[in-house]
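Dear colleague,

Please find the structure below, handed over for your study. A summary of what was found in it comes after.

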Amino acid sequence: MEEGRSVRRDEEQQHGMGSGRVAAIFREIETEADAATATAASSSGQRADADAGLQLQGPMWKRFLAHVGPGFLVSMAYLDPSNLQTDLQAGYSHRYELLWVLLFGFIFVLIIQSLAAKLGIITGRHLAELCTSEYPKYVKYCLWFLAELGVIAATIPGVLGTALAYNMLLHIPFWAGVLICGASTVLLLGLQGYGARKMEFTIAVAMLFMASCFFIELSHVNPPIKEQLEGLFIPRLKGRYAVSDAVALFSVLVVPHNLFLHSSLVLSRKIPSCSKGVKDASTFFLVENALALFLALLVNVAVVSLSGTICANNLSLDDNNRCSSLSLNSAAVLFKNVLGKSRSTVYGLALLASGQSCTVVTTYSGQYIMQVNFEPKARIRQASLLCVSRASQG
């Protein structure tokens with residue numbers, strides 16, 4: 001009996017020693033794994049800090065140029081054909097008296113767009129993603145539906161304006177102009193496969209071209225600078241329908257889908273996670289957005305001044321009638337009669353740049369809104385938008 005007990009004790013001691021060795025081995029393995037994880041995290045953190053340090057170095061102007069692009073792409077939405085139509089009518093009805101509405105409207109736009117850009121910089125996610133993750137399902141889908149309606153409503157003037165420009169310049173039938181606009185929009189959106197900066201550069205060139213066209217037109221009518229400055233800085237609401245025209249001027253600057261687009265575009269830049277990197281990025285995007293919106297403001301002021309100066313002169317009876325019901329189409333005839341055929345061509349080119357760029361920008365912003373909720377194929381969504389635009393003009 002005693003020999004049996006001693007054997008069992010020896011076996012238990014050997015078993016305890018074996019399990020102790022196994023436990024010790026596991027503890028050593030866990031310790032080594034923790035050390036390796038800590039080393040990897042430390043090295044990755046050092047690499048991230050080194051990358052951030054490299055991005056924060058260099059001349060200020062080079063770092064600023066790395067952030068240029070989103071503001072110009074977004075600002076094109078404030079130069080679409082519906083804006084031009086409203087500007088032309090306001091210029092005829094009130095000359096320069098409602099320019100202050102544009103100034104205060106663009107200040108409001110700058111504040112809102114800068115907040116949208118800062119949202120993307122700080123959170124690392126764009127507005128559509130945040131709405132999807134933060135709101136209940138029914139709120140999320142309501143917001144998506146309203147945002148898509150806004151995109152469609154903003155795309156239609158761009159498609160129709162582009163088709164009208166093709167008809168003015170090349171005498172292409174309206175329906176054919178719509179099809180050309182759709183095809184060129186899909187091709188231009190293909191640039192995003194080569195990076196967002198290619199798309200931004202293309203739209204910025206179109207914006208500068210459009211601005212040059214209207215500045216050339218304005219240089220031939222020589223509007224009174226004093227009256228322009230008074231209209232820009234002295235708020236007045238005189239004359240018939242002044243309030244409704246002021247509301248119309250301000251309402252065309254309300255572009256909700258731009259908030260989704262701007263918060264998405266800033267994510268295409270490599271922004272250091274340190275506080276200085278975020279602060280610098282916010283400053284650079286603010287300055288770039290202010291420059292782009294200032295150029296958009298100048299173009300809108302030029303269009304208002306152009307129609308206000310031309311329609312204030314002694315015109316023929318037919319041209320006076322055109323001024324009283326000024327539209328994008330009748331403006332081309334008016335410019336041709338008053339300024340010459342070449343000026344009408346310049347106006348048509350500006351309208352083409354406006355309509356085509358507007359169509360690209362609105363469809364581009366709609367992609368971000370749509371893909372977060374349903375992640376469809378981008379080309380299907382683009383085709384549906386253009387089909388709706390085609391049906392509306394038919």
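This is a predicted model: local features need pLDDT of at least 70, side-chain atom pairs count only at pLDDT 80 or more; totals for chains, interfaces and linings use all residues.

Residues are numbered from 1 along each chain as its sequence is written, and side-chain values use heavy atoms, with hydrogens and water left out.

Two packed helices are described by the angle between their axes and the distance between the axes. Helix α14 (residues 317-324) packs against helix α15 (residues 328-339) at an angle of about 145°, and their axes are 10 Å apart. Helices here are DSSP runs of H or I with at least four residues, numbered from the N terminus; axes are lines fitted to C-alpha atoms over the stretch in contact, and angles run from 0 to 180 degrees between N-to-C directions. On the α14 side, D319, R322 and C323 make the contact (heavy atoms within 4.5 Å), and α15 contributes S330, V333, L334, N337 and V338.

The largest pocket holds about 280 Å³ of space. A pocket is an open set of points on a 1 Å grid over the protein atoms alone, where a 1.4 Å probe fits, with protein on both sides within 12 Å along at least five of seven lines; lining residues have an atom within 4 Å of a point. The volume is the space filled by probe spheres set on the points, which are joined across faces, edges and corners. Among the lining residues are N167, H171, V333 and K341. Helices α7 (137-170), α15 and α16 (341-373) each supply at least two residues of this lining.

T309 lies in helix α13 (residues 275-312). T309 is buried, with a relative accessible area of 7%; buried means under 20%, exposed over 50%, and partly exposed in between, with a 1.4 Å probe and protein chains only. Not counting residues up to four places away in sequence, T309 touches Y96, V221 and P223. T309 and G91 are 218 residues apart in sequence, yet 7.9 Å apart in space, C-alpha to C-alpha.

Most residues other than glycine have a negative phi. R95, in the loop between α4 (81-94) and α5 (99-123), has a positive phi near 55° and is partly exposed at 31% relative accessibility. N222, in the loop between α9 (196-219) and α10 (225-233), has a positive phi near 50° and is exposed, with a relative accessible area of 59%.

Yours sincerely
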